[in-house]
Amino acid sequence: MPNKRTFIQQFWKEKKMIGSMVPSSRFLAQKMLENVDFENARIIVELGPGTGVFTDLIIEKMHPDAQLLVFELNENFHHRLAHRITDKRVHCIHDTAEKVQDYLKKIGHEKADVVISSLPLSNFSKELRHSILSAMEQALQDTGQYIQFQYSLQSKKQIKQFFETVNIDFTALNFPPAFVYSCYKTATGKKHSKALNGI
Ligand SMILES: C[S@@+](CC[C@H](N)C(=O)[O-])C[C@H]1O[C@@H](n2cnc3c(N)ncnc32)[C@H](O)[C@@H]1O
C-alpha cells in the first residue's frame with residue numbers, strides 16, 4: 001500500500017514523467033524478465049524503477065558477479081529505493097537515462113548486456129525518445145538486449161529504427177494492460193526470444 005500511495009502522489013506532481021498512477025504488477029515484472037539470460041548477463045541497466053517492482057525481481061535473479069545500474073530521475077523514488085536497497089551489486093543513480101554511458105565508464109565498463117526500461121516513451125517528445133533510444137543502442141553490447149514495456153504500440157516504429165529485431169508480447173495482467181518489447185541490435189537476437197506473431 002505505501003508504494004501505491006507514493007506512486008499516486010508522484011504521478012500528480014509529474015504526470016508525463018511518471019506515466020502511470022500505480023506500480024506495475026508482479027506479472028508484468030515476470031514477463032519483462034522471462035527472456036533475460038541472467039546466467040551470462042554481468043552488466044544490467046534498469047531505467048525508471050519507480051518503487052522498485054522490477055528492481056526487486058532483477059536482484060533475485062541476477063548473477064552474484066553481476067552489477068545493476070538503476071537510473072531514476074524522480075527524486076522521491078530515487079531516495080526511497082537507494083535507502084531500501086543495500087545489495088552491493090546495485091548502483092542507484094539519480095540522473096537521466098541518456099547518461100548511461102558516463103555511468104558505465106564510472107564502474108569501469110563500456111557496454112551493458114541488458115537494458116530493462118519502464119520509461120513512458122510515448123509521453124516524451126520525439127527528440128527525447130530518439131536521444132534515449134540512441135543512447136541505449138550505443139550502450140549495449142552487439143549481442144545485448146533492450147526490454148521496454150509500453151501501454152500502446154505508438155513507439156514501435158521509432159524503436160525499430162534502433163533495433164533490428166523487435167519482438168512484442170502482451171499481458172492483460174497489469175493495470176493498464178501492457179506490451180513488452182524485446183529488442184536486439186542484430187537479427188541473431190531472434191533465436192533467443194519468443195516472437196508473438198500478429199502484433
Ligand atoms: C511508468 S513509471 C515505471 C515505474 C516502475 N518501473 C513500475 O513499472 O512500476 C516510469 C518511471 O520512469 C522514471 N523516469 C522518467 N523519465 C526518466 C529518465 N529520463 N531517466 C530516468 N528515469 C526516468 C519516472 O520517474 C518513473 O519512475
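1. Basis of the note. This is a predicted model, in which local features need pLDDT of at least 70 and side-chain atom pairs count only at pLDDT 80 or more, while totals for chains, interfaces and linings use all residues. Residues are numbered from 1 along each chain as its sequence is written.

2. Leu33. Leu33 belongs to helix α3, residues 26-33 (helices are DSSP runs of H or I with at least four residues, strands are runs of E with at least two, and both are numbered from the N terminus). Beyond its neighbours within four places in sequence, Leu33 is in contact with Leu57, Ile58 and Lys61 (contact requires C-beta atoms, placed from the backbone, within 7 Å).

3. Tyr146. This residue of strand β5 (residues 140-150) is buried, because 26 other C-beta atoms lie within 10 Å. Setting aside neighbours within four places in sequence, Tyr146 is in contact with Val115, Ser117, Met136, Leu140, Phe163 and Cys183.

4. Ligand shell. Among the 22 residues around the ligand, Ser24, Gly48, Gly50, Asn74 and Ser118 come nearest (a residue counts as near if its C-beta atom, placed from the backbone, lies within 6 Å). Two or more residues of this shell come from each of α2 (15-18) and α4 (53-61).

Definitions and conventions: Two residues are in contact if their C-beta atoms, placed from the backbone, lie within 7 Å. A residue is buried if 20 or more other C-beta atoms lie within 10 Å of its own, exposed if 12 or fewer, and partly exposed in between; C-beta atoms are placed from the backbone.
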